[in-house]
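Please read them with the sequence and the model open.

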Amino acid sequence: IFIRVGTVLMQCTEEPGELNVRREDQRVAPHWAFQCGADDLDANKARLESAGVPVAGPYRHRGVDCVSIYFRTPEGHKLEIATWEPY
C-alpha cells in the first residue's frame, strides 16, 4: 500500500513473521518514522513534552548516524522523529 501525504510518498508493508507488540513499549515495531533536522528534533521533543506527551529518547542508533525520539499518540500509534544530521 502506498500513501501520499503532500509531496511525501510512504510505503506500508507487512512484516514477515510474528510481531510481539506491546502498547507500553514505545520502541517496538510497527511504527511510523519521520525525518527532521537536528535542531527540529529538540524542538519537537520540547513541544511534545509541553503538551504532556511522554517522549522516549533521544536515542543514537548503533551502526548508523541517526538519532531518534519515540512517542505514542492517544490512540496508541507509535511514532518516531529522527535526524540524520550531526547531533
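1. Start at Pro58. Pro58 lies in strand S4, which covers residues 55–60. The peptide bond leading from Gly57 into Pro58 is cis, with omega near 15°. Most peptide bonds are trans. Keep in mind that this is a predicted model.

2. Next, the overall layout. The protein chain holds 1 helix and 6 strands. Read from the N terminus, the order of elements is β-β-β-α-β-β-β. The chain has 87 residues, and 33% of them count as buried.

3. Which residues make up the largest nonpolar core? There are 10 in all: Cys36, Leu41, Leu48, Val53, Val55, Val67, Ile69, Phe71, Leu79 and Ile81. Helix H1, strand S5 (67–72) and strand S6 each give two or more residues to this core. S5 gives the most, with 3 residues.

4. Now the charge pairing. Side chains of opposite charge can pair when their charged atoms come close. How many salt bridges does the count come to? The count is 1 salt bridge. Glu49 forms a salt bridge with Lys45, and their closest N and O atoms are 4.0 Å apart. The cut-off is within 4 Å, so this pair deserves a careful look in the viewer. Both residues sit in helix H1 (residues 38–50), and because they are 4 residues apart there, about one helical turn separates them. Glu49 has 41% relative accessibility, so Glu49 counts as partly exposed.

5. There is also a negative surface patch. Asp39, Asp40, Asp42 and Glu85 form this patch. Glu85 lies in the segment after strand S6 (78–83). Is Glu85 buried, exposed or partly exposed? Glu85 has a relative accessible area of 43%, so Glu85 is partly exposed.

6. Two elements give two or more residues to the patch: strand S1 (2–5) and strand S3 (32–35). Ile3 is placed in strand S1. With a relative accessible area of 33%, Ile3 is partly exposed.

7. Trp84 is found in the segment after S6. At 47% relative accessible area, Trp84 is partly exposed. How many residues apart in sequence are Trp84 and Ala38? The two are 46 residues apart in sequence, yet 7.5 Å apart in space, C-alpha to C-alpha.

8. Lys78 is found in strand S6. Is this lysine, Lys78, buried or exposed? Lys78 is buried, because its relative accessible area is 7% and buried means under 20%. Lys78 and Pro30 are 48 residues apart in sequence. In space, C-alpha to C-alpha, Lys78 and Pro30 are 7.3 Å apart.

Definitions and conventions:
Residues are numbered from 1 along each chain as its sequence is written. This is a predicted model: local features need pLDDT of at least 70, side-chain atom pairs count only at pLDDT 80 or more; totals for chains, interfaces and linings use all residues. Side-chain values use heavy atoms; hydrogens and water are left out. Patches are made of residues with over 30% relative accessible area and no salt bridge: like charges are joined within 9 Å, nonpolar side chains (Val, Leu, Ile, Met, Phe, Trp, Tyr) within 5 Å. Accessible areas come from the Shrake-Rupley method with a 1.4 Å probe; for residues, only the protein chains shown count as cover. A salt bridge is a side-chain nitrogen of Lys or Arg within 4 Å of a carboxyl oxygen of Asp or Glu. Lys and Arg count as positive and Asp and Glu as negative; His and the chain ends are not counted. The place of a charge is taken as NZ of Lys, CZ of Arg, CG of Asp or CD of Glu. Buried means under 20% relative accessible area, exposed over 50%, partly exposed in between (1.4 Å probe, protein chains only). A nonpolar core is a set of buried Ala, Val, Leu, Ile, Met, Phe, Trp, Tyr and Cys residues joined through side-chain atoms within 4.5 Å.
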